[in-house]
Amino acid sequence: MKIAGRSTRTIWPTGTTVRVIDQTRLPFEVIDVELRTAADAARAIRTMIVRGAPLIGATAAYGVALAMTEDSSDANLAKASTLLNATRPTAVNLAWALGEMRRTLAPLPTAQRVEAGFAKAAAICEADVAQCRAIGGHGLRIIEQLWNNAGKPDRFNILTHCNAGWLACVDWGTALAPIYMAHDAGLPVHVWVDETRPRNQGAALTAFELGAHGVPHTVIADNTGGHLMQRGQVAMAIVGSDRTTASGDVCNKIGTYLKALAAHAHNVPFYVALPSSTVDWSLSDGMAIPIEERDEDEVACIAGRDKDGRVQEVRLLPENSKALNIAFDVTPARYVTGLITERGVCAASRTGLLGLFPEHAKDAAE
Ligand code: MRU
């Protein structure tokens, strides 16, 4: 996608180092930073310089390639994998990408592992771009159909939560790819952007990237979605996923579940867009997904730009109040209208997923 007219990705190699957009500086500054070592990649994931399930996987893949430039032994391959796997617990793309890297590199002689590591990480990134583009095409058809069924209104309101756009992936995004394609096709889409406290991925990242592409949008406080649905102001919701079980339970940014409940109550179609690398075939019950708990300061404090243009962090809570910062929640499959994957749209169920991905019939948990 483009920033100021320039095609940009979230992550790209530069010889034997890697550069990423520093998402902790958005929307106020667009800067990129260099990752030279596996430890740099691990730090970037842990501190959320990069975030979003597919981008976490892509960064971990490059982290392994970087580790090979330091020491391409079996021991270091295992060490880097352990280090990167411990950075964030919920997005399953992390473990998936590390598994892909290990399977590719372990059988090779150590002298070939740097080149093969960068090639495999680049292939993971290209596959993500292709999958997101395909998700966009399938989601576009749903938007077109709902817009037609609604009598082609002048404004078609889509609600999204957190950031599941190109900043969460390598390019295009998952939940936002259909929206970009609908906008580019001339459909009058308008996006309600949940601010997504505590880290404000909606206000800071989704609003930034939609704005950069010229997609009409309005940021709303997280509590506003139910009201808008009740008043018929939301035609559909599309969100991303950090981990989807074989039975179609969806784990995504905290607050997704409440939006799904409200959508269910008001008959608003609630779609989840995800590449198959986000499916955890080993789990059936969403309640078994490990849920990340982060520092309470992310709830207690907030950053923004003051009138003089300086970015400042301020505390919102009384000094002695404690805060709880649970980063994800689980939306049971029964509240999900459909899963939009790179292979098409399916019911959020074991049968639906296996219909599109029959090769997982043996490993899909029941
Ligand atoms: O904590 P984050 O910012 O990594 O969480 C990101 C989300 O929850 C996204 O909605 C999810 O990864 C889907 S992204 C394509």
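How many salt bridges does the rule find across the interface of domain 1 and domain 2? In this predicted model, the rule finds 1 salt bridge across that interface. The chain is divided into domain 1, spanning residues 2-126, and domain 2, spanning residues 136-360. The C-alpha centres of the two domains lie 24 Å apart. Contact between them involves 30 residues of domain 1 and 33 residues of domain 2. Together, domain 1 and domain 2 bury about 2600 Å² between them, with 60% of this area on carbon and sulfur atoms. On the side of domain 1, Phe28, Arg51 and Thr90 supply 24% of the area buried against domain 2, more than any other three residues.

The structure holds 20 salt bridges. One of them joins Glu292 to Arg88, with the closest N and O atoms 2.8 Å apart. Glu292 also forms a salt bridge with Arg294, at an N to O distance of 2.8 Å, and both Arg294 and Glu292 are buried. Arg294 in turn meets Glu298 in a salt bridge of 3.0 Å, N to O. The relative accessible area of Arg294 is 16%, so this residue falls under the 20% limit for a buried residue. Glu298 likewise counts as buried, because its relative accessibility is 14%. These contacts belong to a network of salt bridges that links Arg88, Arg199, Glu292, Arg294 and Glu298.

A further salt bridge is formed by the side chains of Glu296 and Lys322, at 3.4 Å from N to O. This pair links distant parts of the chain, the two residues being 26 residues apart. Glu296 lies in the loop between strand 13 (279-280) and helix 10 (297-300), whereas Lys322 lies in the loop between strand 15 (311-315) and strand 16 (328-331). Glu296 is partly exposed, with a relative accessible area of 27%, and Lys322 is exposed, at 70% relative accessibility.

A search of the whole structure finds 2 aromatic pairs. In one of these, the ring centres of Tyr62 and Phe118 are 6.0 Å apart and the ring planes stand at 55°, so the pair is tilted. Tyr62 belongs to helix 2 (residues 53-70) and Phe118 to helix 5 (residues 113-149); the pair thus links distant parts of the chain, 56 residues apart. Both Tyr62 and Phe118 are buried. Elsewhere, the charged end of Lys253 sits over the ring of Phe328, at 4.1 Å from the ring centre.

Definitions and conventions
Residues are numbered from 1 along each chain as its sequence is written. This is a predicted model: local features need pLDDT of at least 70, side-chain atom pairs count only at pLDDT 80 or more; totals for chains, interfaces and linings use all residues. Side-chain values use heavy atoms; hydrogens and water are left out. Rings of Phe, Tyr and Trp (its six-membered ring) pair if their centres lie within 6.5 Å; planes under 30 degrees apart count as stacked, over 60 as edge-to-face and the rest as tilted. Helices (H or I, at least four residues) and strands (E, at least two) are DSSP runs, numbered from the N terminus. Buried means under 20% relative accessible area, exposed over 50%, partly exposed in between (1.4 Å probe, protein chains only). A charge sits over a ring if NZ of Lys or CZ of Arg is within 6 Å of the ring centre and within 35 degrees of the ring normal. Domain bounds come from an automatic or database domain assignment. Contact means heavy atoms within 4.5 Å. Buried area is the accessible area (1.4 Å probe) that two parts lose on being put together, summed over both. A salt bridge is a side-chain nitrogen of Lys or Arg within 4 Å of a carboxyl oxygen of Asp or Glu.
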